[in-house]
Amino acid sequence: MNILRGAWVILAKDMLIEWRTRARLNALLFFSLATLFLFSFAGSSDTSLLRQNAAGYLWLAVLFASVLSMGESFRIESENSALDGLRLAPADPRSIYLGKAWGNAILLWTLAVVLVPFMIVLYDVSLTMGLPRLLGTLALGALAISAPGTIHASIASNARARDVLLPVLLFPLLVPALLSAVRATALVIEGDPMDQLTSWVRLLIVFNVIYWGLGFALFPRVIED
Amino acid sequence: MVTQIIITVVVTAIWVGLLAFFYWGCERGVEKPRLVGTFGILGLLLAVSGEYYGLFVAPPESAMGDVYRIFYVHVPADWMAFMALSLNFVFSVAFLFKKNWRMDSLAEASAEAGLVFGIMGVCTGSIWARPTWGTWWTWDPRLTTAAVLLIAYGGYLALRRFVDDPEKRGVWSAVWAIFAAVDLPLVWFSVKFWRSIHQTQSTPETIRDPRMQWSLRWNAFAFLFLLIFFVMSRYRISRLARETEMAPPPEALPVGGHA
């Protein structure tokens with residue numbers, strides 16, 4: 001119970017910092033919008049091709065933004081050694097992890113949701129299975145990125161060349177989560193005549209359980225001194 | 001069935017033996033570089049003779065002809081990569097629990113050796129695929145997983161280069177290695193699942209000719225000795241590097257008072 005309370009306090013603190021400026025979310029939004037546009041330049045401007053790959057493009061835009069976002073979430077703690085202050089507080093270090101990871105997940109989910117209308121307009125897709133299912137899939141995917149991402153961001157933020165290091169550490173490990181998020185989102189967009197959505201969503205939930213469990217167990221070792 | 005059991009027992013025994021050998025033997029190699037070199041020379045001799053056997057003595061394969069002979073490099077290299085990377089996981093867990101510096105150096109050494117063998121396996125596989133499948137690369141689950149694995153452990157080595165504090169380097173890379181070891185079966189599973197919705201690809205390799213079997217085994221042992229050579233010499237370098245890292249600069253030695 002104590003852990004959850006601590007996590008909530010940290011989450012509220014981070015959200016307040018974010019809300020005061022809204023700088024991070026705005027910058028991320030424009031960054032991922034640029035990415036969405038760039039994807040259309042990478043291939044031909046063939047609309048049917050873009051529509052087919054829309055789910056993949058959306059998730060890649062979120063993934064690229066996530067690296068910047070999660071790196072930033074620990075950079076704000078390295079100013080004035082704020083992380084040391086957090087560690088000195090009488091709270092479980094695991095609540096730092098939960099608070100940070102929830103915060104990252106919320107931010108990523110918000111970003112993904114804001115990108116959806118742009119995806120619909122730019123790539124000419126229709127949400128065959130409705131908005132609620134899409135929002136749920138996006139939430140599961142955002143959670144699956146942020147759980148390992150928060151751990152690796154806290155590692156990379158203290159290393160040299162952290163901006164290069166985080167994607168190198170994170171991207172290969174995110175393959176299963178990304179793959180199932182893309183497949184699930186594509187099914188929600190295109191319709192699911194073969195009923196494959198359930199199995200992809202179930203897979204995504206399994207990854208979430210494993211990632212959050214590992215992160216929860218290992219994070220105290222990462223920030224100890 | 002019986003051969004299956006025998007092979008499983010032998011492979012497990014080799015794996016455990018390797019683990020024990022590195023655990024107790026790696027320090028010995030630091031004092032005696034010649035001992036380490038002996039493994040290298042032995043491995044090289046075995047590999048040269050094994051490849052000679054594989055190239056000239058073993059018969060050509062009925063369907064693939066001579067192209068298949070690259071297997072005598074490809075298969076042992078992949079086996080050794082798997083051995084080394086699974087040892088890396090064991091050493092990482094051990095370091096996290098016991099903070100034994102030997103484990104940290106062994107984890108680094110085995111990851112690096114595993115990466116070398118893994119790259120060798122993927123490259124030889126790609127060369128083989130060109131004449132056999134008609135393409136350098138296909139998005140088969142096994143290939144995709146191997147590629148993801150190599151990129152991931154490249155990141156591991158980069159992480160180790162970018163952290164200066166030895167203690168943090170050890171803990172962080174161990175945490176990452178545990179994540180990777182749990183994650184990589186998932187990558188394999190998800191990629192397979194993704195592919196198998198559309199098609200199943202099966203290439204059952206049944207080797208019946210005893211000359212082929214012995215050639216493969218001979219080469220596997222050659223690569224095993226090379227693996228020992230790589231890990232031990234890499235351990236030696238890592239160990240010496242940490243000694244210099246941790247040694248205090250001469251003027252910082254305590255002069256008096258509380259030290």
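Keep in mind that the model is predicted.

Chain B first. Chain B has seven helices and zero strands. Read from the N terminus, the order is α-α-α-α-α-α-α. Along the principal axes, the C-alpha atoms of chain B fill a box of roughly 80 × 45 × 35 Å. Chain B holds 259 residues, and 37% of them are buried. Now the contacts within chain B. Take those between residues at least 6 apart in sequence: 80% of them join residues at least 24 apart.

Where does B:Asn219 lie? In helix H7 of chain B, which spans residues 210-246. Is B:Asn219 buried or exposed? Buried, because 25 C-beta neighbours sit inside 10 Å, and the cut-off is 20 or more. Which residues does B:Asn219 touch, once neighbours within four places in sequence are set aside? B:Ala47, B:Gly50, B:Glu51, B:Gly54, B:Tyr72 and B:Pro76. Look at B:Gly50 in that list. B:Gly50 and B:Asn219 are 169 residues apart along the chain, yet their C-alpha atoms are separated by 5.1 Å.

Last, the interface. Here 24 residues of chain A are in contact with 24 residues of chain B. On the chain A side, four helices each supply at least two residues: H7 (131-156), H8 (162-170), H9 (175-190) and H10 (197-223). The largest share comes from H10(A), with seven residues. What is the make-up of this side of chain A? The residues divide into 19 nonpolar, two polar and three charged.

Notes: Residues numbered from 1 in each chain as written. Chains lettered and ligands numbered in written order. Predicted model: local features only at pLDDT ≥ 70, side-chain atom pairs only at ≥ 80, totals over all residues. Buried ≥ 20, exposed ≤ 12 C-beta atoms within 10 Å, placed from the backbone. Contact = placed C-beta atoms within 7 Å. Nonpolar A, V, L, I, M, F, W, Y, C, P; charged D, E, K, R; others polar.
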